[in-house]
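The points are grouped by topic.

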Amino acid sequence: MTIERGHPGFTHDLHSVHHYLIQPNPLIRNDELNLLSKFGLEYVHPGAFQTTILSDFSTLEVFDDLDRTCQSIARHSEKDAEAYRDLAMLGARVLPMLMAGMYTVPLPLHVTLGMLSGNEDGRRIIDMMFRSPLQVVDELFESDHIKIHMIRSATEHTLGFPDDMGNGLCVLLTTALQHNFKTGMPIGGSGALAAALARCIEYHGGTIIKNAKVEKVLTSGGRATGLLTTDGDEYAARDAVVASIHPRNLDKFVDGIPDTVVARGKRTIQSPYGIIKIDGGLKEPLKKNMPSHISEDSIVKWIFADNLRDFLKAFDPMRHGEINYDRPLLAGSDMQIPGRSPEDNPLLYLLQHVPYKLADGGAQKWDEIKERVADNMIEKAAYFMPNLTPDNILFRLVDSPLDMERHSPNSMVDGDACGLGFHLFQFGGMRPTPELSNYAVPNVEGLYLSGPFMHPGGGVFSIGRPVAIKMFDDMGIDFDKVVAQ
Ligand SMILES: Cc1cc2nc3c(=O)[nH]c(=O)nc-3n(C[C@H](O)[C@H](O)[C@H](O)COP(=O)(O)OP(=O)(O)OC[C@H]3O[C@@H](n4cnc5c(N)ncnc54)[C@H](O)[C@@H]3O)c2cc1C
């Protein structure tokens with residue numbers, strides 16, 4: 001969603017900014033719904049440069065071009081450059097197969113594992129699936145700087161810990177995506193995707209009702225028959241109801257689901273930490289303490305450590321419900337996007353990874369401390385961006401993980417920006433639970449689930465595509481024929 005907030009004329013993305021996970025989706029790649037060709041969705045594709053800058057200001061650059069990336073890594077370690085090339089080439093070989101399973105109804109995990117075990121590349125994938133990101137990078141690389149870059153890339157997407165078992169595949173996935181797809185930013189902001197989808201729905205005769213809060217999915221005779229809003233309005237369903245209801249909240253919205261399915265949904269596990277975000281406006285662009293050859297386009301990872309040990313310690317306070325004020329895991333900077341502010345002033349977008357439930361005071365404590373945490377984020381970030389000072393900030397708004405949950409109470413439960421933890425037991429045909437992973441709800445015919453807690457996961461993937469595939473299948477409609485029209 002992109003909204004004006006903070007100051008007239010400044011439009012901010014409430015959540016996502018970069019749409020990298022949707023780019024390989026046939027919805028965008030093949031423009032299946034004509035969102036790009038007919039309904040006004042337009043992406044800019046900033047250069048795929050990522051730079052990791054450590055506290056001693058040493059840098060590591062990763063480009064979309066593999067040879068250039070390996071040259072950058074070779075400045076740290078020749079051996080690591082070769083290991084990285086091997087990893088990227090493995091990624092390129094397996095990406096088509098991984099992508100084929102990502103935007104469609106997932107197979108049960110045992111079937112996926114059976115298929116993968118048939119060849120050497122597949123067996124390496126299984127091996128990584130079961131390991132932690134730290135184990136994967138420790139085995140592959142010798143340089144701390146490369147290890148830090150790889151772990152930061154993997155964990156910032158999964159909101160996991162470096163030593164979380166069952167998360168290691170993210171190291172391969174982020175590398176493969178980096179060299180095969182460019183990220184995209186919709187012109188007009190992240191909300192431009194929703195706006196294009198809305199135009200598509202209306203063009204085909206659909207009606208969108210805004211500002212209505214759903215209280216209940218209506219059911220009758222084991223079938224979803226419609227929706228009831230908190231205002232008491234009822235909407236009848238013709239073919240189906242598609243709802244974004246977190247597995248933990250299913251029984252609040254729907255009656256008649258088997259107890260075992262409800263109980264299993266409540267046992268799902270959220271990501272171990274969340275995000276606090278500052279949306280702001282700046283008077284002038286930020287100056288960055290980095291070598292002049294690094295492109296302004298580069299997505300920079302600011303690391304308050306110059307060795308792996310200290311970097312890993314930065315995660316530790318979050319394991320105990322504490323905020324890391326000394327070595328915050330920060331991301332973001334200024335964004336100069338024409339048309340998104342009155343005088344084209346830069347927007348400020350700054351994140352820190354933080355726990356949702358605070359050891360001292362629980363999640364509710366966030367309302368009391370979020371401004372103080374934001375002050376610290378700005379002070380710390382000024383180490384890398386020296387003119388990020390109060391006199392350069394026109395205004396700022398702070399969203400804590402508790403605020404994220406308030407914006408999105410049925411997908412971002414416990415403020416989880418990913419909807420649900422990325423753990424092996426919540427992956428593919430196990431996400432969010434084996435019983436719900438094919439998007440249908442047992443005992444409630446015609447009810448389908450969508451949202452970041454479903455396969456393939458948290459992020460702008462367009463989970464609606466696999467949901468549509470499942471619905472069409474149930475209704476005897478040929479999905480491929482429809483999207484080919
Ligand atoms: C700070 C932040 C940064 C992020 N950055 C990125 C990024 O750069 N790239 C990326 O790919 N992903 C990013 N993500 C994740 C991404 O934003 C989410 O995965 C995505 O928004 C999920 O989209 P969704 O439409 O399924 O759910 P949501 O965006 O959560 O939308 C659900 C909607 O349902 C509404 N709703 C809830 N309950 C009811 C009800 N009872 N009745 C009616 N409506 C209801 C909510 O108000 C909300 O509008 C980020 C997330 C956060 C929090």
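In this predicted model, Ile 125, Met 128 and Met 129 of helix H5 meet Leu 169, Val 171 and Leu 172 of helix H8. By class, this contact of H5 with H8 consists of 6 nonpolar residues, with no polar and no charged ones. The domain assignment divides the protein into domain 1 (2-43 + 183-191 + 270-407), domain 2 (65-180) and domain 3 (209-269 + 420-484).

**Helix packing**

- H5 (residues 120-130) packs against H8 at an angle of about 120°, and the two axes are 7 Å apart.
- H5 and H8 are therefore oblique to each other.
- H8 (residues 169-180) also packs with helix H3 (residues 78-102), here at an angle of about 90° and with the axes 8 Å apart. That makes H3 roughly perpendicular to H8.
- On the H3 side of this contact are Leu 87, Ala 88, Leu 90, Gly 91, Ala 92, Leu 95 and Leu 98. They meet Leu 172, Leu 173, Thr 175, Ala 176, His 179 and Asn 180 in H8.
- The contact of H3 with H8 has 9 nonpolar and 4 polar residues, and no charged residues.
- Leu 172 of H8 is listed in the contact with H5 and in the contact with H3.

**Domain 1 and domain 2**

- The centres of domain 1 and domain 2, taken over C-alpha atoms, are separated by 25 Å.
- In the contact between them, domain 1 takes part with 16 residues and domain 2 with 13 residues.
- Helix H12 (residues 308-313) gives the most to the domain 1 side of this contact, namely 3 residues.
- The side of domain 1 that touches domain 2 divides by class into 11 nonpolar, 4 polar and 1 charged residues.

**Ligand shell**

- Around the ligand there are 23 residues, of which His 15, Ser 16, Ser 408, Ala 417 and Gly 459 come nearest.
- By class, the shell has 10 nonpolar, 11 polar and 2 charged residues.
- Strand E11 (274-282) supplies at least two residues of the shell, and so does helix H15 (401-407).
- The ligand lies between domain 1 and domain 3, because both domains give residues to the shell around it.

**The seven-stranded sheet**

- An open sheet of 7 strands runs in the order E5-E4-E12-E13-E14-E11-E15, and its pairing is mixed.
- The edges are strand E5 (59-62) and strand E15 (393-399). Each has a single partner strand, so one side of each is left without a neighbour in the sheet.
- On average, and with direction ignored, neighbouring strands of this sheet are turned by 20° against each other.
- Within the sheet, strand E4 (residues 50-53) pairs with strand E12 (residues 299-302) in the parallel sense, over 4 bridges. Thr 51 has Val 300 in E12 as its bridge partner.
- Strand E11 belongs to this sheet and also supplies residues to the ligand shell.

**Antiparallel strands and their hairpins**

- Strand E7 (residues 214-220) and strand E8 (residues 223-229) run antiparallel and are joined by 6 bridges.
- E7 and E8 form a hairpin with 2 residues between the strands. In its turn, Gly 221 has a positive phi of about 55°.
- E8 also pairs with strand E9 (residues 234-236), in the antiparallel sense and over 3 bridges. Here Leu 227 has Tyr 235 in E9 as its bridge partner.
- The hairpin of E8 and E9 has 4 residues between the strands, and Gly 232 in this hairpin takes a positive phi near 90°.

**Backbone exceptions**

- Most residues other than glycine have a negative phi, and most peptide bonds are trans.
- Asn 34 has a positive phi near 60° and is not a glycine. Asn 34 sits in the loop between helix H1 (26-29) and strand E3 (43-44).
- Arg 431 and Pro 432 are joined by a cis peptide bond, with omega about -10°. Pro 432 is in the loop between H15 and strand E16 (440-441).
- A cis peptide bond also joins His 455 to Pro 456, with omega about 5°. Pro 456 lies in the loop between strand E17 (444-449) and helix H16 (464-475).

How values were computed: Residues are numbered from 1 along each chain as its sequence is written. This is a predicted model: local features need pLDDT of at least 70, side-chain atom pairs count only at pLDDT 80 or more; totals for chains, interfaces and linings use all residues. Domain bounds come from an automatic or database domain assignment. Two residues are in contact if their C-beta atoms, placed from the backbone, lie within 7 Å. Ala, Val, Leu, Ile, Met, Phe, Trp, Tyr, Cys and Pro count as nonpolar, Asp, Glu, Lys and Arg as charged, and the others, Gly among them, as polar. A residue is near a molecule or strand if its C-beta atom, placed from the backbone, lies within 6 Å of it. Two strands pair if DSSP finds at least two bridges between them. Axes are lines fitted to C-alpha atoms, for helices over the stretch in contact, and angles run from 0 to 180 degrees between N-to-C directions. Angles under 35 degrees count as roughly parallel, over 145 as roughly antiparallel, 65 to 115 as roughly perpendicular and the rest as oblique.
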